[in-house]
Amino acid sequence: MRRALRVVVVLLTSSTSLAIAQPSAPMAATFRASASEASQRLVAAAQLMPADKYDFKPTPAQMSFAAIVGHLANETDLFCSVVGGAKAPDRSGPAPADGKEALVGRLKESFVFCDTALASLDDSRLGETFSLFGRNWSRADMEARAISDWADHYSQLAIYLRLNGLLPPTAK
């Protein structure tokens with residue numbers, strides 16, 4: 001599915017005439033909607049886990065629930081800054097030891113920033129490239145990666161919730 005989404009994004013951004021012919025920005029609007037849905041699911045999952053279970057991890061090799069929430073907050077700032085062409089907020093953390101309230105608050109902040117960063121995104125900019133982690137990426141590629149990553153981490157959180165006897169938000 002990830003490959004299919006990437007192919008669709010490449011096809012939609014590979015033609016200048018297509019970007020000009022569709023000023024309503026269907027891909028940018030779709031990404032904004034995906035970010036909004038991810039925000040609702042991820043924040044709801046983070047809120048659902050009891051504070052005393054935030055250090056839970058199924059095996060020693062896996063990230064704790066708290067570490068996943070913190071990672072999501074940081075990477076959402078990164079994804080949305082590069083896709084939206086906005087400067088990422090200069091904020092530290094959060095660290096897993098900060099606790100549930102701080103981690104959930106920081107995750108919410110990251111998606112508020114995301115809404116702002118993506119507000120002016122349109123399809124004409126999806127082919128623009130930038131350098132990150134030693135390679136070049138397009139905004140469209142980063143959109144596909146963000147959507148995939150948010151889904152991947154939501155599935156992690158959902159499994160952790162189920163292992164603790166809780167029904168994930170999307171299963172209710």
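I call a residue buried under 20% relative accessible area, exposed over 50%, and partly exposed in between, with a 1.4 Å probe and protein chains only. I am working on a predicted model, where local features need pLDDT of at least 70, side-chain atom pairs count only at pLDDT 80 or more, and totals for chains, interfaces and linings use all residues. Residues are numbered from 1 along each chain as its sequence is written, and side-chain values use heavy atoms, with hydrogens and water left out.

**Entry 1: overall make-up**

I looked up the elements first. The protein chain has 6 helices and 2 strands; these are DSSP runs (helices H or I, at least four residues; strands E, at least two), numbered from the N terminus. Their order from the N terminus is α-α-α-α-α-β-β-α. Of the 172 residues, 41% are buried.

**Entry 2: salt bridges**

I counted a salt bridge when a side-chain nitrogen of Lys or Arg is within 4 Å of a carboxyl oxygen of Asp or Glu. The structure holds 6 of them. D77 pairs with R106, with the closest N and O atoms 2.9 Å apart. D77 sits in helix 4 and R106 in helix 5 (residues 100-118), so this pair ties together parts 29 residues apart in sequence. Both D77 and R106 are buried.

R91 meets E109 at 3.5 Å, N to O. R91 is in the loop between helix 4 and helix 5, and E109 is in helix 5, so parts 18 residues apart in sequence are tied together. R91 is partly exposed at 27%. E109 is partly exposed at 40%.

R125 bridges to E128 at 3.7 Å between the closest N and O atoms. R125 is buried at 18%, whereas E128 is partly exposed at 33%. Salt bridges with shared partners join D77, R91, R106 and E109 into one network.

**Entry 3: E143**

I found E143 in helix 6 (residues 139-163). E143 is buried but has no salt bridge; R32, the nearest side chain of opposite charge, is 7.3 Å away. For charge, Lys and Arg count as positive, Asp and Glu as negative, and His and the chain ends are not counted.

**Entry 4: helix 4 against helix 6**

The axes of helix 4 (residues 65-84) and helix 6 come within 10 Å and cross at roughly 165°. I took axes as lines fitted to C-alpha atoms over the stretch in contact, with angles from 0 to 180 degrees between N-to-C directions. Contact means heavy atoms within 4.5 Å. The two helices are therefore roughly antiparallel, a label for angles over 145 degrees.

**Entry 5: F133**

F133 lies in the loop between strand 1 (129-132) and strand 2 (135-138). Its phi is near 55°, a positive value in a residue other than glycine. F133 counts as exposed, at 67% relative accessibility.

Methods: Angles under 35 degrees count as roughly parallel, over 145 as roughly antiparallel, 65 to 115 as roughly perpendicular and the rest as oblique.
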